[in-house]
Structures are given as structure tokens and as C-alpha cells.
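Hi,

Here is the structure I promised to pass on to you. My notes on it follow below, and I would be glad to hear what you make of them.

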Amino acid sequence: MAEPLLSLDDLAVHFKIGNALGGGIKTLKAVDGVTLDVKPGECLGLVGESGCGKSTLALAIMGLLPPTRGTIGVDGQEISGSKAPDRMRMARTVQMVFQDPYASLNPRQTVRRTLADPLRLHGVRDKAEVEARVMDMMAKVGLRPEQADRYPHEFSGGQRQRIGIARALILKPKLVLCDEPVSALDVSIRAQIINLLLELKDELGLAYIMISHDLGVVEHVSDRVAVMYLGRIVEQGGWQEIFENPRHPYTRALIAAIPDPFHRAAISAKAKARGEIASALNPPPGCHFHPRCPLKADICVSQDPVLAAVAEGHRAACHFRDRVS
Amino acid sequence: MTGPLLKVDNLRISLAGDGATYSAVENVSFEIGRGEAFGLVGESGCGKSITALAVMGLLRRPLSLGGGRIVLDGKEIQDASAAEMRRLRGKRIAMIFQEPMTALNPLSPVGKQIAEMFVLHEGMGWNEAMDRAEDALRQVRVPSPERRIKDYPHQLSGGMRQRVMIAIALACGPDLLVADEPTTALDVTVQAEIIDLMAELCAAKGTAILMISHDLGLVANMCKRVAVMYAGRIVESQAAEAIFATPSHPYTRGLVDSLPRLGERSKRGRQRLREISGVVPSIAAYPAGCRFNPRCPSVTEVCREVVPEATPLPAEGLVRCHHHG
Ligand SMILES: Nc1ncnc2c1ncn2[C@@H]1O[C@H](COP(=O)(O)OP(=O)(O)OP(=O)(O)O)[C@@H](O)[C@H]1O
Ligand SMILES: Nc1ncnc2c1ncn2[C@@H]1O[C@H](COP(=O)(O)OP(=O)(O)OP(=O)(O)O)[C@@H](O)[C@H]1O
Ligand code: SF4
Ligand code: SF4
Ligand SMILES: [Mg+2]
Ligand SMILES: [Mg+2]
């Protein structure tokens, strides 16, 4: 088996929020004990409801948020330790497509500079080669050559999202963290981008973490899928296992709620989650999912279920993970 | 009063650049009745957001209104003064922006930003307004709203920010809600709730919605009528059920075909997603005749020379294509 490219061990990212005067300081456990591997050339889909900690997890891997606990290993390098990681090497290894394209682009840099600077910084000296690679990447994400000298605000939302994708791919990293990379794209360009990501995976052995609310996209691209709920992984397994044989009640609810794009008449009733959306500020004791769980029993309130195997490579954190349907 | 709530008539949006002026949008006309939800879809960069900004009176250089009329409730507003438009915005017309971070003030707690709407537009005192802000956050399903009102935008997840913006837009029960990709960052369960909330508002207060979205299923589900834009023009408009069941324009057909269908991969293995070949032309270089012609599978000589006129469709709606199906 190949060495993992990324390995997270018991990773936690907590935020202190509020102030001592108005209501007191609280700890928000955005990510709380995540253990996860991504192998070279593998695509891991990461799903879970809004606020469950997906972006925080990705930002921690990028070294943009300090872990509260646990370790992050990237390509054999420990980046969470006391020694500062080698930034240049990190940049060639991991890149990220940020959820909010506008906020993540430098408003005073043209597309050309946004894409050319990293190349030059990483030793591509030949002007013609820089230019050729910038143009090639722009074409691959469906931007036209004459748009190279424009600034981010001159683009539409979907165009900006593609600039973010081009920036993440330009150095041909080994791992790309994609945080809702196609949410602002129409279906045709979305298809083009997804096809591109899969091509690069085959050609260059690129690995991805794919964060998306669109489970159709996740099903299409993922080799394995991890499901997050309030900062923890509650289920993890091969894509087909997760979509066809989900074991955690939350995963089941998630999959049952997937709308058929053309027959949505019944979706809103079906999709409405039972009960309140969970609050990271106030997580329930025991299994975090218990207030909304149809299978809940006493043990669920008193004891945290651990992530344990239900089948080869398939794990679920539920006391009743073996109770099929 | 009878007549549509919003009438956009022959709208042109000019883009100044490189010593010349181009039409980024032209010949765009549509009407939205009171309490009606109207959908606008189309390729990334085709002009949906700037059309919405024109309605809101928010076009900024190098973009400007180049012609046409915008009639709100029988009154032309395209030449309204900045002060007049400010009064209309928030109270009578409100917008959910595509990128939350561009619309939220990073330096102000989100509760205050919502409460401000009640203070400015309903003359409420701050204390009462803050209570209303908390209710508004609860309505859009942000958990622990009593704590979240104190958070700054950067402390929220992407989906929470989007819901804060929805809360701001819905605060004063506007007559017209312009929703630009309102649910891109939301998972299906929350999305279903937000859509219900908007639909309730439509029914209870007669709010009309201009819904811009790449999610064809969402549009089909929510809107009565839909217009499809391509390269700055409306190429087809029809009843929502009809447009996806029997698309008339080759571009609309391409859109419907590029959707990844859930369950496909299990049945047939991973197929390459269908794309519409080629890229959208740039505003400065729109092709003569039908602007879709370089990418169209049904193109003939006439398409390259003559701009197709709007042709009424048998049931309802129109299409702009020389060889529509
Ligand atoms: N800088 C921060 N300070 C305080 N709290 C934060 C900060 N960043 C994130 N959080 C909180 O951490 C939790 C997880 O946020 P995160 O952005 O990771 O969610 P997410 O899963 O990406 O959600 P979404 O799908 O809405 O983008 C949320 O409750 C959020 O409010
Ligand atoms: N400030 C600006 N300066 C120059 N060009 C602009 C500006 N704003 C928008 N454009 C151009 O106008 C066209 C229409 O942009 P618009 O934002 O309306 O697209 P859109 O249909 O909303 O696309 P998306 O689905 O990607 O959000 C795009 O080609 C864009 O590049
Ligand atoms: S542990 Fe209990 S509450 Fe949690 S998911 Fe399993 S059955 Fe439901
Ligand atoms: S007018 Fe011609 S080029 Fe345009 S969509 Fe119709 S067939 Fe295609
Ligand atoms: Mg996020
Ligand atoms: Mg837009």
C-alpha cells in the first residue's frame, strides 16, 4: 500500500469566542478529533451540513489555522509541530480552492500575475514558459487569453471561482483541497471543471479533498467519502459503500434528502431535517446526533460512539452501526 | 394596482473599455408579477448578475445603463436619483448577493447588520431591532442565534454568512427580492428550508422574486417562468416545467444534458460529463448573427449572419433561434 500523502491524527481546531464581559468566553470545537488519510492520486469527498467544520479542517491542513491538538502530516512532513514547515515545499505539495473566491483573490493583481507569480517564485525562469503555462491553465478552466490582464472585480462570480481553481492547479501540486469549487458554476462549465480535475488525477496522480454540498458531484468524483457532523467524522468508506450502504443515521438522512433535479415536488418535505440544526456552540452530550436521530436510545445520550469498522475500509460512529436499515 | 410589479424593457448595459463601448447585455426584457417567482439561468459570465445590479440601481463604472426601461410598480426607476434608489433598496427591493463577503461589513457584528435594516427602514429602536435580528437569524436556521448575533462575518462558516445575507434581505418584507445564487453554499436540508421561507414570504406578503441560479432543479421547482440567457441576450423563455422537459434552444438543450445525474455512476460506471464544447465569447468579440453559433451543433450559414428574432413558442414563451426544435 502506498504511503499516505496526507495523514491527520486526532486533529482538533477550537476557537475561543465571546468576551469575558458580555456572556463569557466559550470554546467552539469546529474540528474535534479527526483522524484521516489521503493516498496519492486519491479523491476523498468530504460532506456534512453547513457549519460542521469542513472549511476549518481544510484551512488547518493548509497551515492557515493552528491546530489545538493532534498532528498533520503532509508528504512525510509534520506541519503541525513546533518547527515551521518549509513553506516553499508546502506550496508545491498542497494547494486550496477557497470557498469564497472574491475574498481569497488579491484585488490588485491581474489574473496573469496571480498565476505567473507562483511559477516564477518556484523557479520557472523562462519567460516564454511562464506565459505558455499561464495561458494553458487559463484555457483549461475556460478563461480566454484576453482576460489575462483583468482584475478580480471585473469578472463574474463563476469566472472568479475558476481563477481560484487555476491558481490552485498552476504549480501542479500533489494534493488540492477543493472547498465548494464548482458551487458558482453553471452545469456545463461545472462539467468541464470536473472533467479537468479527473483528467489531472489520472495524468499527474493528483489527490483531492472534495468538499461539496452537491452530492451528485461527490458521488461522481470520489474514491472514498468522509461524512462530518459537528466537528467529527461520523462515517467513512468507499464511495459506493457510502452511497449505497450508509450505516450512520445521519448519512442515511443526508442521502435520502438528495433531490432529483427534475422531480423536486416532494423534496422540501423529504429534505427537511428533523429537529434543530446542531449548534457547534452547544453540542449535545454523547452522540452529537442524538437529538435528531430516529434510532436514539439511552446509551446514545450517555456515551460517545467511536468510529469503528462495519466492513473492510468502512467505518461508522454509531452505537447501532450494525443495525441495517 | 394591476400590471406587473417589475417590468424590464429592452435593457442594455454598456461596458466601457479600451477606448470603445460594448453592450454587455442587450435587448433584455421580462416581467414579474406580484408574488411571482421568475428564474434567470445561463452560462457563467452571460450577464445575470449585472442585470440584477441594474434593477437594483447598483451598476458601477465601467458598467452603466445604456438604454431601456426598468419599471417598478408602474413607476420608471431607471433614471431615479441615488437617494431615491437608496430609499427603495431594503424597503421595497432587496438583493441577496452572490458573494456574501462582498456584501457584508467585515467590521460589524452580523446581528447589528441585520438590526440596522429595522432601524433604518422601520424606525425601530436598537433594542427591539436586535431582538428582531435574533428572530431573523433563527428563521434562516442559524443555530444558537442568541450567540451568533455577536459574531463577525469571518467567524461564521460560508453557509452561515449566506444565511445572514438572506436574513438582511428578507428583513423588511420587500416587494421584490432579487436572489443571486442564494443557496450555493447550503446543503440540501437547509436549502429546502430557505426555499420554503422565501415561498412563504411570496405567499404572505406578495413578494416577487427574481431568482438567479445555476441549479436548474431549484429553478424548476421554485419558479413559474424561466428565462435562459446566453452572451448578454435572452435566448429562450418558457414555463419552468416546459423548459427542462422540452428545451427549444440548442443552448438550453446543452445545459440540460450536462447535469450529472445521481446514481448514474453505479449503473454505468463513471462517464465523462457532457460539456457544451467551446468557450463563451468575450463581450468585445461577440460573433455576428446568433451569438451561440460557434458552439452550436445545429449551426447553418444564416446563423452566422442574421440575429435570430424572438419567435413565440406554441404554448407560451419565446425562443431566439433560426432552427429551434
Ligand atoms: N475564525 C473563526 N472564529 C470563530 N469561529 C469560527 C471561525 N471560523 C469558523 N468558525 C466556526 O467554526 C464552525 C465550523 O465552520 P466551518 O467554516 O469550518 O464550517 P463548514 O463546514 O465549512 O460550513 P459551510 O458548509 O457553511 O461552509 C462554525 O460554527 C463557525 O462559526
Ligand atoms: N466591473 C466589471 N468590469 C468589466 N467587466 C465586468 C465587470 N463586471 C462584470 N463584467 C463582465 O460582464 C459579464 C457579465 O457578468 P455577470 O457578473 O453579470 O455574469 P453572471 O451571468 O452573473 O455570471 P456568473 O454565473 O459567473 O455569476 C462578464 O463577462 C464579466 O466578466
Ligand atoms: S449513536 Fe445513537 S444517536 Fe448516535 S447516530 Fe447512532 S443511534 Fe443515533
Ligand atoms: S440560431 Fe443557429 S447557431 Fe443559433 S442556436 Fe439556433 S441553430 Fe444554433
Ligand atoms: Mg465552508
Ligand atoms: Mg453572477
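For the helix pairs below, an axis is a line fitted to C-alpha atoms over the stretch in contact, and angles run from 0 to 180 degrees between N-to-C directions. Please keep in mind that this is a predicted model.

Let me start with chain A. The axes of helix α4 (residues 111-121) of chain A and helix α5 (residues 127-140) of chain A come within 10 Å, crossing at roughly 125 degrees. The two helices, α4(A) and α5(A), are therefore oblique to each other, and their crossing is right-handed. On the α4(A) side the contact is made by A:Val111, A:Arg112, A:Leu115, A:Ala116, A:Leu119 and A:Arg120, which meet A:Val130, A:Glu131, A:Arg133, A:Val134, A:Met135 and A:Met138 of α5(A). Sorted by class, this contact has eight nonpolar, no polar and four charged residues.

Chain B has a helix pair to set beside that one. Here helix α4 (residues 110-122) of chain B and helix α5 (residues 126-139) of chain B have axes that come within 8 Å and cross at roughly 125 degrees. That makes α4(B) oblique to α5(B), and the crossing is right-handed. Among the α4(B) residues that meet α5(B) are B:Ile114, B:Phe118 and B:Val119, while the α5(B) residues include B:Trp126, B:Met130 and B:Leu137. The contact of α4(B) with α5(B) divides into ten nonpolar, one polar and four charged residues.

B:Cys46 lies in the loop between β3 (37-42) and α1 of chain B, and at 0% relative accessibility B:Cys46 counts as buried. Leaving aside neighbours within four places in sequence, B:Cys46 is in contact with B:Ala24, B:Met229, B:Tyr230, B:Ala231 and B:Gly232. Helix α1 (residues 48-56) of chain B is mostly covered, with seven of its nine residues buried; B:Ile50, B:Val55 and B:Met56 are among them. After α1(B) comes B:Gly57, whose phi is positive, near 70 degrees.

Best wishes

Methods
Residues are numbered from 1 along each chain as its sequence is written. Chains are lettered from A and ligands numbered from 1 in the order in which they are written. This is a predicted model: local features need pLDDT of at least 70, side-chain atom pairs count only at pLDDT 80 or more; totals for chains, interfaces and linings use all residues. Side-chain values use heavy atoms; hydrogens and water are left out. Helices (H or I, at least four residues) and strands (E, at least two) are DSSP runs, numbered from the N terminus. Angles under 35 degrees count as roughly parallel, over 145 as roughly antiparallel, 65 to 115 as roughly perpendicular and the rest as oblique. A crossing is left-handed if the near helix is turned anticlockwise from the far one by less than a right angle, and right-handed if clockwise. Contact means heavy atoms within 4.5 Å. Ala, Val, Leu, Ile, Met, Phe, Trp, Tyr, Cys and Pro count as nonpolar, Asp, Glu, Lys and Arg as charged, and the others, Gly among them, as polar. Buried means under 20% relative accessible area, exposed over 50%, partly exposed in between (1.4 Å probe, protein chains only).
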